[in-house]
Amino acid sequence: MCGIVAYFGKKAARPILLEGLRRLEYRGYDSAGMALLSRKGIKVKKTSGRITALEKILDEKDDSETLGIAHTRWATHGEPNTINAHPHLDYTRKIAVVHNGIIENYSTLKTWLQNEGAEFASQTDTEVIANLIGYFYAKADNYENRKQSDSKNKFERAVQQALRELTGTYGLAIVCSDFPDMLIGAKKGSPLVLGIGENEYILASDATAIVEHTKQAIYPADNEMVIISSKGFNTKTIDNVMVSKNLKQIEFSLEQIELSGFPHHMLKEIIEQPKVLATCMGGRLDRTNNRIKFGGIDSCSRELTRTRRFILTACGTAFHAALVGEFLLEHLARIPTETEYASEFRYRNPIIEDGTVVVAISQSGETADTLAAVEQAKERGASVLGLVNVVGSSIARATDAGIYLHVGPEIGVASTKAFTAQITVLTMLAIELGRRKHISGNEAKKYIEQLSQIPDKISQILKQSDHIKAIASANVDKDNWLFLGRGFNYPVALEGALKLKEISYIHAEGLPAAEMKHGPIALIADSMPIVFIATSGPQYDKIIGNVTEVRARGGKTIILATEGDKNIKQYADYLITVPDVPEFLQPLLTVIPLQLLAYHAAVLRGHDVDKPRNLAKSVTVE
């Protein structure tokens, strides 16, 4: 959940670390800190608050400080204050650590270390890691009586000994004041990438902190550590077994993570959806043969065709995409499908039968609960597919095969373009499986053509941004909203409510429209905003009935309707229209106004849209 970045090279580390922290701030922003090394030792600066607060307390750039580690925090253990901010030093003041993850046995280790004489200053689990390394380092033979290479091995061994004692997850960057030319990174269950430049190295939670400096990277696996020094780098397991890693190319550009004139990343990512969805579909829609091609699942295409049951598992916004996927796979492919919260699936005793395929959906590919659900499914013999955006992520590596979204990095904490891309990929998968099983070639051709037109139709909806802003302005003072939809648009109602909650802090509930009168209708009074997704479809008349029930009780109706629907105007206090498409494609359009509605509401209420309180982009801890 937190952002870590470390630098070792020929340049001054301070400005590179600061810029890296800014790139990673979407991962956490409760507090921030930095440790810089020189021949004089470790210099630590940290503070509560944003990275701008850290920048104010840093010393001037020192060109001799070419090694450093830094951190931006999303608090788990201990309140977000200066003492709990990273980096953390061990009790000998020689070891400094930044950490992303959770150490589950930290309390036991802390008690043992205290009995051994170690002192603690913070409430964090991370300080246990620093003290544990410091303990093993101090217990080793006096390194001054060894050769330089041996003394460095002493530092490595202390890290390895400590990591073998930890239960939980970690992405770590570690330095020791005795070695101002050595940096160690380690990973288990939390993301870590090493960027390799010309005589310089950048270790970070993700590649957004690296891409400005190099596009060459390696991705350590779980229980691996990378040791960087003036002689280069090597990778080994925490059991000291050497590992060979292949260089990977970072697939996105610096431009893709810049604001490019937009006030917020979220707005940029909403606006760029037509372009990125076209990219997502690019090369996959085979109009010549009326089929859809996924290179990432070619190896299991026959097995997928024989699938008897899908389980889609995800968290948050990705779970809402999975719900749409359930409708799509059953409607188009006629394959029984269930959707499970990954956070529940991992603790259940799920029934996995022959022919069951589990699909794990995650933008980051690092979501801790979803990754655990993948492992649970694999243990029970299921074939597991990954549907992720980040190339080389943990879920991408853990699954049997998978499909990348290819929408570029998503920086805004509230997901937008990843959601529509997840639905787009699930739509393509459902069409292709349907084509193989029962859909005619002409039907497949029609569906592929309709899907290919979606980016242009989203562009039409985006032109209503000012109109949607006016609707938000008229209702933004209301603290309770309902979002209602039916069929394919029920998950969109859930997503609309989540977006409003995430960034505007307005209480909102998403419901199937028919469920409103089974309890929630008691809430409707005093011009409460009720957002209806009332597009054309088989349940149109039913949802009009729900609208009239709300109006009779004093609710204000914000209605999303199909263009050309003249009947709906009489029921709407506020009307937003979307182009006419088949019902199974409607979620790709109806969610766009809800993203804009949430965005404008948050801005009007004066909130930081890209960094909503208590949230971080990627939930890499349980």
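Predicted model: local features only at pLDDT ≥ 70, side-chain atom pairs only at ≥ 80, totals over all residues.
1. **The cis peptide.** Pro87 sits in the loop that runs between strand 4 (67-73) and strand 5 (88-89). The peptide bond joining His86 to Pro87 is cis, with omega at about 5°.

2. **Confidence.** The average pLDDT of the protein chain is 91, and 97% of the residues score at least 70. The stretch to treat separately is residues 142-149, where the pLDDT is below 50. In the model, this stretch has nine contacts beyond near neighbours in sequence.

3. **Phe155.** Helix 5 (residues 148-165) holds Phe155. With a relative accessible area of 0%, Phe155 is buried. Its contacts, leaving aside neighbours within four places in sequence, are Ile95, Tyr137, Ile174, Val175, Cys176, Phe179, Met182 and Ile184. As for Gly134, the C-alpha to C-alpha separation from Phe155 is 9.2 Å, for 21 residues in sequence.

4. **Val193 in strand 9.** Strand 9 covers residues 193-196 and includes Val193. Is Val193 buried or exposed? Its relative accessibility is 1%, so Val193 counts as buried. Leaving out neighbours within four places in sequence, the residues in contact with Val193 include Ile202, Leu203, Ala204 and Ser205. Also among them are Ile210, Ala217, Ile218, Tyr219 and Pro220. Val193 and Glu19 are 174 residues apart in sequence, and their C-alpha atoms are 17 Å apart.

5. **Two positive phi angles.** Asn199 is not a glycine, yet its phi is positive, at about 60°. This residue belongs to the loop between strand 9 and strand 10 (201-204). Asn199 is exposed, at a relative accessible area of 54%. Ser260 is likewise not a glycine and has a positive phi, here about 50°. Its place is the loop between strand 15 (248-249) and helix 6 (265-271). Ser260 is partly exposed, with a relative accessible area of 47%.

6. **Cysteines.** How many disulfides does the structure hold? The count is zero. For Cys300, which is in no disulfide, the nearest cysteine sulfur belongs to Cys280 and is 17 Å away. Cys300 counts as buried, at 13% relative accessibility. Cys315 is in no disulfide either, and the nearest cysteine sulfur is that of Cys2, 18 Å away. Cys315 is partly exposed, with a relative accessible area of 22%.

7. **Helix 9 against helix 17.** Two packed helices are described by the angle between their axes and the distance between the axes. For helix 9 (residues 316-333) and helix 17 (residues 490-504), the axes come within 9 Å and cross at roughly 170°. Angles over 145 degrees count as roughly antiparallel, and helix 9 and helix 17 are therefore roughly antiparallel to each other. On the helix 9 side, the residues that meet helix 17 are Gly316, Thr317, His320, Leu323, Val324 and Phe327. Helix 17 contributes Pro491, Leu494, Glu495, Leu498 and Lys499. By type, the residues of this contact divide into six nonpolar, three polar and two charged.

8. **Ile576 in strand 27.** Ile576 is part of strand 27. At 1% relative accessibility, this residue counts as buried. Which residues is Ile576 in contact with, leaving aside its neighbours within four places in sequence? They are Gln464, His467, Ile468, Ile471, Ile558, Ile559, Leu560, Ala561 and Pro593. One of these, Leu560, is 16 residues from Ile576 in sequence, with 4.8 Å between their C-alpha atoms.

9. **Gln586, in a loop.** Gln586 lies in the loop between strand 27 (574-578) and helix 19 (587-604). Gln586 is buried, with a relative accessible area of 4%. Beyond neighbours within four places in sequence, Gln586 is in contact with Asn489, Thr535, Ser536 and Val581. Ile361 is 225 residues from Gln586 along the chain, and 20 Å separates their C-alpha atoms.

Note on methods:
Residues numbered from 1 in each chain as written. Heavy atoms only, no water. Disulfide = S-S within 2.5 Å. Buried < 20%, exposed > 50% of the residue type's maximum accessible area, 1.4 Å probe, protein only. Axes fitted to C-alpha atoms, helices over the stretch in contact; angles between N-to-C directions. Helix = DSSP H or I, 4+ residues; strand = E, 2+ residues; numbered from the N terminus. Parallel < 35°, antiparallel > 145°, perpendicular 65-115°, else oblique. Contact = heavy atoms within 4.5 Å. Nonpolar A, V, L, I, M, F, W, Y, C, P; charged D, E, K, R; others polar. pLDDT = per-residue confidence, 0-100.
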